[in-house]
Each structure stands twice: as C-alpha cells, then as structure tokens.
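Have the structure open while you go through the points below.

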Amino acid sequence: MCAANALGKLRQSDEATINDLLSALTDSDTRVRLAASEALIALGEGPARAAIIESVRTFLDEHTRSEDALNTLWGLVVGE
C-alpha cells in the first residue's frame, strides 16, 4: 500500500496531509497519482469536504493541465 492510500484510510484531513496528497497528483507515477486522488476523495467524505474541494480547485488554478486533479474534483463533487 502506498503512503497516499494509507493517508486516505487514516482519514487524517489536516492541511499538511491535503497538501502532500495534492502534490502527489503531479507525481510521474500513475499509481501514485491515482492513490492520491482516491485518498483525497475518501477524505472528502468526512467533515473536511468543503476545505478539500476548495484546495483541489486552488490546485487546479495553478495546474490547469492536471487531469488527475480534475478527476479528483469530479469525484468529490459528483461522486464516483
């Protein structure tokens, strides 16, 4: 299990964790990006949902070509 998956399962939604997962959305390894996306979506099921959605939107403003960030936002807003 990669670190991103573990963070999502721990439901640790502090700012540092969210920022680390957002950074992982730009990793060169597709599996890491997918795990980070899934972890952010899992964390978004909890009380930090609005903050995570806003963080992903801000991330997208800076990384406009990040398909993984866009998919994460979609998963948070629409669901899977």
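The axes of H4 and H5 come within 10 Å and cross at roughly 155°. An angle over 145 degrees counts as roughly antiparallel, so H4 runs roughly antiparallel to H5. Keep in mind that this is a predicted model.

**H4 against H5**

- As for handedness, H4 and H5 make a left-handed crossing.
- By class, ten nonpolar, one polar and two charged residues make up the contact of H4 with H5.
- On the H4 side, the residues that meet H5 are Arg49, Ile52, Ile53, Val56, Arg57, Phe59 and Leu60.
- Their partners in H5 are Ala69, Leu70, Thr72, Leu73, Leu76 and Val77.

**H3 against H5**

- H3 and H5 pack with their axes 9 Å apart, at an angle of about 25°.
- Angles under 35 degrees count as roughly parallel, so H3 is roughly parallel to H5.
- The crossing of H3 and H5 is right-handed.
- H3 brings Arg33, Ser37, Leu40 and Ile41 to this contact, and H5 answers with Asp68, Asn71, Thr72, Gly75 and Leu76.
- Sorted by class, the contact of H3 with H5 has three nonpolar, four polar and two charged residues.

**The two sides of H5**

- H5 covers residues 67–77, and its buried residues are Ala69, Thr72, Leu73, Gly75 and Leu76.
- Those five sit on the same side of H5, because they cover an arc of only 160° around the axis.
- What covers the buried residues of H5? The cover includes helix H3 (30–43) and helix H4 (49–62).
- Over on the other side of H5, you'll find Glu67 and Trp74 exposed.
- Just past the end of H5, Gly79 has a positive phi of about 95°.

**A closer look at Asn71**

- Asn71 belongs to helix H5, and Asn71 is also one of the H5 residues in the contact with H3.
- Is Asn71 buried or partly exposed? With a relative accessible area of 41%, Asn71 is partly exposed.
- Asn71 and Glu38 lie 33 residues apart in sequence, while their C-alpha to C-alpha distance is 9.7 Å.

**The two sides of H2**

- Helix H2 takes in residues 15–24, with Thr17, Ile18, Leu21, Leu22 and Ala24 buried.

**The whole protein**

- How many helices and strands does the protein have? The secondary structure comes to five helices and zero strands.
- Along the sequence, the pattern reads α-α-α-α-α.
- Of the 80 residues in the protein, 38% are buried.
- Among the contacts with a separation of 6 or more, 56% come from residues 24 or more positions apart.

Technical notes
Residues numbered from 1 in each chain as written. Predicted model: local features only at pLDDT ≥ 70, side-chain atom pairs only at ≥ 80, totals over all residues. Heavy atoms only, no water. Buried < 20%, exposed > 50% of the residue type's maximum accessible area, 1.4 Å probe, protein only. Helix = DSSP H or I, 4+ residues; strand = E, 2+ residues; numbered from the N terminus. Arc of directions from axis to C-beta. Contact = heavy atoms within 4.5 Å. Axes fitted to C-alpha atoms, helices over the stretch in contact; angles between N-to-C directions. Parallel < 35°, antiparallel > 145°, perpendicular 65-115°, else oblique. Left-handed = near helix turned anticlockwise from the far one by under 90°. Nonpolar A, V, L, I, M, F, W, Y, C, P; charged D, E, K, R; others polar.
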